[in-house]
Amino acid sequence: ATLMDLQATALKYLRDEMSKLAVVVELPLNGTRDILSVCFDCYGSLDRVDEILERNDVCDPLVMTRESLRVLSK
């Protein structure tokens, strides 16, 4: 019984901690946008512009005509 309790506790801990991790999600873009407005709309700051550029291989950050971008959920 103790082993089952330990296993249940470990699984609960893993589920709780994994739910806090950020995941990559698709952010739909409506029309042509620039990277600064996308970053601010997504995260509320401009701190992660480089991260978005690297993840999506953006050629021109001023004129993005993609249908969606990959961003982190958190």
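A residue is called buried if its relative accessible area is under 20%, exposed if over 50%, and partly exposed in between (1.4 Å probe, protein chains only). The model is predicted: local features need pLDDT of at least 70, side-chain atom pairs count only at pLDDT 80 or more, and totals for chains, interfaces and linings use all residues. Residues are numbered from 1 along each chain as its sequence is written, and side-chain values use heavy atoms, with hydrogens and water left out.

At 3% relative accessibility, asparagine 56 counts as buried. This residue is found in helix α3. Helices (H or I, at least four residues) and strands (E, at least two) are DSSP runs, numbered from the N terminus. The side chain of asparagine 56 takes part in polar contacts. A polar contact is a pair of N or O atoms within 3.5 Å; within protein, one must be able to donate a hydrogen and the other to accept it, and residues adjacent in sequence count only if both atoms are side-chain atoms. The side chain reaches the backbone oxygen of isoleucine 52 at 2.9 Å. It also reaches the backbone nitrogen of arginine 70, at 2.7 Å. Contact in general means heavy atoms within 4.5 Å. Leaving aside residues up to four places away in sequence, asparagine 56 touches Arg66, Leu69 and Arg70.

Helix α3 spans residues 49-56, and Val49, Ile52 and Asn56 are buried in it. They cover an arc of only 65° around the axis, which puts them on the same side of α3. The arc is that of the directions from the helix axis to the C-beta atoms. An α-helix has 3.6 residues a turn, so residues three or four places apart point the same way. Asp50 and Glu54, on the other side of α3, are exposed. The buried residues of α3 pack against α2 (35-43) and β2 (68-72).

Aspartate 57 follows α3. Its place is in the loop between α3 and β2. Aspartate 57 is exposed, with a relative accessible area of 59%. Its phi is positive, about 50°, although it is not a glycine. Most residues other than glycine have a negative phi.

Helix α2 was examined next. Its buried residues are Ile35, Val38, Cys39 and Tyr43. Seen down the axis of α2, they fall within an arc of 100°, so they line one face of the helix. They pack against β1 (24-28), α3 and β2. Aspartate 34 caps the N-terminal end of α2, with a side-chain oxygen 3.2 Å from the backbone nitrogen of leucine 36. Glycine 44 follows α2 and has a positive phi, near 80°.

A charge sits over a ring if NZ of Lys or CZ of Arg is within 6 Å of the ring centre and within 35 degrees of the ring normal. The charged end of arginine 48 sits over the ring of tyrosine 43, 4.3 Å from its centre.

A disulfide is a covalent bond between the sulfur atoms of two cysteines. The search counts a pair of cysteine sulfur atoms within 2.5 Å. Zero disulfides are found in the whole structure. The sulfur of cysteine 39 is 7.2 Å from the closest cysteine sulfur, in cysteine 42, too far for a bond. Cysteine 39 is buried, with a relative accessible area of 0%. Cysteine 42, at 28% relative accessibility, counts as partly exposed.
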